[in-house]
Amino acid sequence: MLERSLAATPADVVAMVHGETSTGVCNPVRELAAIARKHDALTIVDAVTSFGGVELEIGAWGIDVCYSCTQKCLGAPSGLAPIVFAPRALERTAKCPSFYFDLQLLKDYWLNRKYHHTMSSALLCALYEALTMIEEEGLDARWARHERNHRAFVAGLSAMGLGLLPPESDRLFTLNTVKVPEGADEAAIRKLLLEEFSIEIGAGLGPLAGKIWRIGLMGTSSSWRLVVLLLGALQSALATQRVNA
């Protein structure tokens, strides 16, 4: 579809989401970026729910701009947004009327230490520690851990009669969208998990409201121990409503 669209209507930029938080879908960024580059379009990738947890090769895949956040797969406090610009993107910068989004001003701040705004040094220290932990684990091992725990969780759900929204080939390992079984009060289940087990899961958004639970297994929370705890808690919560999952 992207190939046909760009062939019919050329574009300067193709923006895409790698890991969709609302649906639990992992999009084929590698293939999409290659198509965009073929048509001389820059690519901007939202890797908010994938960076540090799902395979992502910014340079090798030809991604021009990629951004994320610190509080999800990186496992650091919220408040910072890592972003990278490839040389190809920097060559196409345009004059910006906004002080906050002027890349040249930000570049001077980041690289040349010219003042732009006051950053939280505590957040930088926390991010440094989180990146150190990733380096100690190894990025390939970290990607494998997220996939392994995702598959263990899916297997446990299957044994309970529950399934995920996306087909297996499209699933995001870090965010699981579990279909609410018929007869279940999904809001009551979330409340019970929070109050009885101190587990907080997300509700469906937009047209998926009431139809799915959004369950993140990211960073430190992607562990075998927590998967087992989560499965047991979910089964217990469903039992209180006499739902045969």
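Visitor: What share of the 245 residues is buried?
Guide: Buried residues make up 42% of the 245 in the protein. Buried means under 20% relative accessible area, exposed means over 50%, and partly exposed is in between, with a 1.4 Å probe and protein chains only. This is a predicted model, where local features need pLDDT of at least 70 and side-chain atom pairs count only at pLDDT 80 or more, while totals for chains, interfaces and linings use all residues. Residues are numbered from 1 along each chain as its sequence is written, and side-chain values use heavy atoms, with hydrogens and water left out.

Visitor: How many helices and strands?
Guide: The protein has eight helices and seven strands. They are DSSP runs numbered from the N terminus: helices are H or I with at least four residues, strands are E with at least two. The C-alpha atoms fill a box of roughly 60 × 50 × 35 Å along the principal axes.

Visitor: Start with the four-stranded sheet. What is its order?
Guide: The order is β1-β2-β3-β4, in an open sheet with mixed pairing. Two strands pair if DSSP finds at least two bridges between them. β1 and β4 (83–85) are the edge strands, each pairing on one side only. From one strand to the next, the twist averages 10°.

Visitor: Which way do β1 and β2 run?
Guide: Parallel: five bridges join β1 (residues 13–17) to β2. Val13 has Leu42 as its bridge partner in β2. β2 (residues 42–46) is mostly covered, with four of its five residues buried.

Visitor: Which strands does α2 touch?
Guide: α2 packs on the sheet and touches β1 and β2, its direction making about 175° with that of β1. Contact means heavy atoms within 4.5 Å. Axes are lines fitted to C-alpha atoms, for helices over the stretch in contact, and angles run from 0 to 180 degrees between N-to-C directions.

Visitor: What unit does α2 make with β1 and β2?
Guide: β1, α2 (residues 29–38) and β2 make a right-handed β-α-β unit. Right-handed means that, with the strands pointing away from the viewer, the path from the first strand over the helix to the second runs clockwise.

Visitor: Now the other sheet. What is the strand order there?
Guide: β5-β7-β6, an open sheet of three strands with antiparallel pairing. β5 (175–179) and β6 (202–203) each have a single partner strand, so one side of each is left without a neighbour in the sheet. β5 and β7 (residues 212–216) pair over five bridges, and Leu175 has Gly216 as its partner in β7.

Visitor: Which helices pack there?
Guide: α6 lies across β5 and β7, running at about 10° to β5. α7 (residues 186–197) touches β6 and β7, and its direction makes about 30° with that of β7.

Visitor: Which residues touch the most other members of the largest nonpolar core?
Guide: Phe153, Leu157, Val178, Leu193, Trp213, Leu234 and Leu238, out of 24 residues. α6, α7, β7 and α8 (224–240) are the elements that give two or more residues to this core, and α8 gives the most, with seven. A nonpolar core is a set of buried Ala, Val, Leu, Ile, Met, Phe, Trp, Tyr and Cys residues joined through side-chain atoms within 4.5 Å. A second, separate core of 14 residues includes Leu2, Leu6, Val29 and Ala41.

Visitor: Last one: where does Ser98 lie?
Guide: In the loop between α3 (87–90) and α4 (103–112). Ser98 is partly exposed, at 23% relative accessible area. A polar atom of the Ser98 side chain lies 3.3 Å from the backbone nitrogen of Phe101.

Notes. A polar contact is a pair of N or O atoms within 3.5 Å; within protein, one must be able to donate a hydrogen and the other to accept it, and residues adjacent in sequence count only if both atoms are side-chain atoms.
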